[in-house]
Amino acid sequence: MLSESKNKAFTEFIKNSSKKEIIWMSGFLSGIISSYGILKKLRNFKEKITLVYGTETGNAKNLAFLIIEKAKNKNLQMRLISLDQYRLIDLKKENYFFIIISTHGEGDPPSSAKSFFNFLHQEKDLHLDNIKYSVLALGDRSYPFFCKAGEDVDRRLHELGASRLIPLHKCDVDYECQAEKWFKKIVNLFENDKFQEDSIKRHVKKKKISGTIINNILLNDKEIGSNKEIYHIEILIKNPEDADYEPGDSVGVFAENPSEEVNKIMNFFHKKNDNNLKNSNNIFNFFYKKASIFNLSKKVLNKYSTLVKKDIPHDQEWNLFDLLKNFPMENRNQAKDLVRILDSIKPRLYSISSSPRVHDSVIHITVSRHKFKIDGNIKYGYCSDFLSKLKEGDILSFFIHKNYLFKLPDSDKDIILIGPGTGIAPFRSFLYEREAIGASGRNWLFFGDQHFSSDFLYQTEIQNWKKNGLLHRISLAFSRDQKEKIYVQNKIWENRKELFAWIENGAYVYICGQKRPMSIDVENTLFRVIEEIGGTSPEIFIKKMKESGRYLKDVY
């Protein structure tokens, strides 16, 4: 029993905690209880079960919380813990060990899992014969190092003597089905025939929303020399209840293939008199809205190679029309097989730049049209090119992607927002929201791009927020407006004393934008500030900030 004062404090603490925070506390307490030998009395299993996650953008964490909640409904007692808070010395003591881990960059583990990852691969004389484990790997099949971090962890645990209970499950962007199968197998391990189908799919399934474009505005001034194309896009939601989002969330956009490219594919089959496709009412729509026809994956190329019985070189990017033209199918019936082997179009995430309190029934996104060269030819990013060409009245299909790791703090807390380029998007949402609720906490914005005159995104709004006092400080860095390039990290260093004073006083730090090199350069500069101005270990300082939820990143 708790004393009256402790009971009052405990009740108030629980009352002010979110559902996810309570679930985390429950897992944390389970670990403590387990160490006292009490947990064994609470379940039928003699060995402890641990679920850990390593996340960068929040998907692994969100999924871990869903699974732990479902496990509790099945009376399956699991300890839940993030890998950046996991005590590595406890690994040898684990019995059942389940891991959800994402992959980033060139096959790297997420930052929250690096210590665990390095420990597995560098620790000598590590024997894990007592562990029974399984890995759920999250990734994006359109990238070359698909789920590599999960593969590496799965392989290394096996090399160290751990027993693989369930084979590695690799999940693409739409991870619902694989996550559901993995969860079912875990429950079956402990409940066998008692398990009834009660999937997590309905909890993580994204609701597809239809919206109408009401504005698509180029924010850069091309006439005075901007090298960029960044668009402000406004989407009117038909059903207002569908626009259920919070500042920090994103939209997942399903792009559509260019009609001219789809027509080339359709004409190819028409010329071959392929009745299997020509007479299908749905085939154009399939290639237009469903099938991924650009930058075909190795999996598709291998299957197509088997289909046509020809070797296809993998040292170049293939789109479907060029593949059909260079390696035509001899048998008409193979067209049906082609439809089956193609990947589906993957959604792409864009931070929401509006506030639900201010922009009723309308969602804003900020999109950079990605441009690059291949063999001297200019190419554009698949989804950003599609979005840049949308016109007023066009219909867009998307879903809301919740990001529980990138949220505003209490209204009285100070925030430091570091978001060059399109990294400004969620911070525009933050500032509109704070203005609407009359937040008393101070706001400091670091923004940068190439030129003040042509690339100052949302300039009028930002300057107005400075005038009316919503923005207490603005630090701007326009890299090409002087001989020496100046970036946001230079502005951080320039303001290091006051910046550290804000942080030491409890300010929350947010970083959004490109992971490489921006977020890395910014973080390195913050480490310097903490070490030189704060006189303390930046690693320990930042770790404590992360643990208290005061250091948050949304980078890509």
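This note comments on the fold and the salt bridges of the structure shown above.

1. Basis. The structure is a predicted model, in which local features need pLDDT of at least 70, side-chain atom pairs count only at pLDDT 80 or more, and totals for chains, interfaces and linings use all residues. Residues are numbered from 1 along each chain as its sequence is written, and side-chain values use heavy atoms, with hydrogens and water left out.

2. Overall composition. The chain contains 22 helices and 19 strands; these are DSSP runs numbered from the N terminus (helices H or I, at least four residues; strands E, at least two). Of its 556 residues, 50% are buried, that is, under 20% relative accessible area, with exposed meaning over 50% and partly exposed in between (1.4 Å probe, protein chains only). Among contacts (heavy atoms within 4.5 Å) with a separation of 6 or more, 74% are between residues 24 or more positions apart.

3. The sheet. An open sheet is formed by 6 strands in the order S10-S9-S14-S7-S8-S11, with antiparallel pairing; two strands pair if DSSP finds at least two bridges between them. Strand S10 (348–351) and strand S11 (362–368) are the edge strands, each pairing on one side only. Within the sheet, strand S7 (residues 209–218) and strand S8 (residues 230–237) are joined by 7 bridges. Leu218 has Tyr231 in S8 as its bridge partner.

4. Asp152 and Arg155 form one of them (2.8 Å, N to O). The two residues are 3 apart in helix H6 (residues 148–159), so about one helical turn separates them. Asp152 is buried at 8% relative accessibility, whereas Arg155 is partly exposed at 43%. A network of salt bridges links Lys148, Asp152, Arg155, Arg156 and Glu159. In helix H7 (residues 176–191), Lys184 and Glu180 lie 4 residues apart, about one turn of the helix. Their closest N and O atoms are 3.5 Å apart in a salt bridge, and Glu180 is buried at 13% relative accessibility.

5. Arg357 is exposed at 57% relative accessibility, while Glu433 is buried at 8%.

Key: Salt bridge = Lys/Arg side-chain N within 4 Å of Asp/Glu carboxyl O.
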